[in-house]
Amino acid sequence: MPGTVSRGVAALLLSCALLMTTAGCGGNDTQSVSAAATATATASPSASASFEQQRLAKTRFVANAGLAAGAAYQWIVKPYRAGKFAKGADGRTFALVKAGLAGAFTYNRLKAAVHNAEGDPLLAKAVAPLSAGIESLKGLGTKLRKGDAGAADVGSFESVINSVKDAGKSAGAEVVDKVPTASQLSGGS
């Protein structure tokens, strides 16, 4: 009996020590985070900040458009050309599900790229006419997933992606295909 009481006391003391250590660590992190937030909130924008925003706008545009182009080519255009979407093809269902996810991902990243382009005047002018084409892709992810997409639908993906790449190149932001990871594709980011 005395052994169980001493074990209980030891466990209680150990738990209290852990609680005190954890509480002490959390307080410092919270203080430093709030201090950093206060410092950031009081900082005033400068000419270099707007320059950085524009430069980052191009970088973000290239990243988002590259992911959209990579996803569209890897999981929509390439499997379509290989005949993976044809009825009776091996792995058709899996290819259609991936294409549906890629379609939604591509649409999402293209919308983000257009938003990023707004931060750079030259890029915004180049991308502005493409908004209607990007909007036309909205329902194609579902159409692909259901197996209802045809050559015209896949061609529209390819056409819009190529237009975005050309617009970026003309504005000095060359887009290179970047295939997203499976977690990016399923997460939509």
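Modeller: Residues 24 or more positions apart make up 78% of the contacts in the protein with a separation of 6 or more, a contact being heavy atoms within 4.5 Å. Keep in mind that this is a predicted model, where local features need pLDDT of at least 70, side-chain atom pairs count only at pLDDT 80 or more, and totals for chains, interfaces and linings use all residues. Numbering runs from 1 along each chain as its sequence is written, and side-chain values use heavy atoms, with hydrogens and water left out.

The protein has 8 helices and 0 strands, counted as DSSP runs (H or I, at least four residues, for helices; E, at least two, for strands) numbered from the N terminus.

Now the pair: helix H3 (residues 92–117) and helix H7 (residues 151–170) have axes that come within 12 Å and cross at roughly 25°. Those axes are lines fitted to C-alpha atoms over the stretch in contact, with angles from 0 to 180 degrees between N-to-C directions. H3 and H7 are therefore roughly parallel, the label for angles under 35 degrees. Their crossing is left-handed, meaning the near helix is turned anticlockwise from the far one by less than a right angle.

As for who touches whom, H3 brings Gly103, Thr106 and Leu110, and H7 answers with Phe157, Val160, Ile161 and Val164. By class that contact has 5 nonpolar, 2 polar and no charged residues; Ala, Val, Leu, Ile, Met, Phe, Trp, Tyr, Cys and Pro count as nonpolar, Asp, Glu, Lys and Arg as charged, and the others, Gly among them, as polar.

Notes: Angles under 35 degrees count as roughly parallel, over 145 as roughly antiparallel, 65 to 115 as roughly perpendicular and the rest as oblique.
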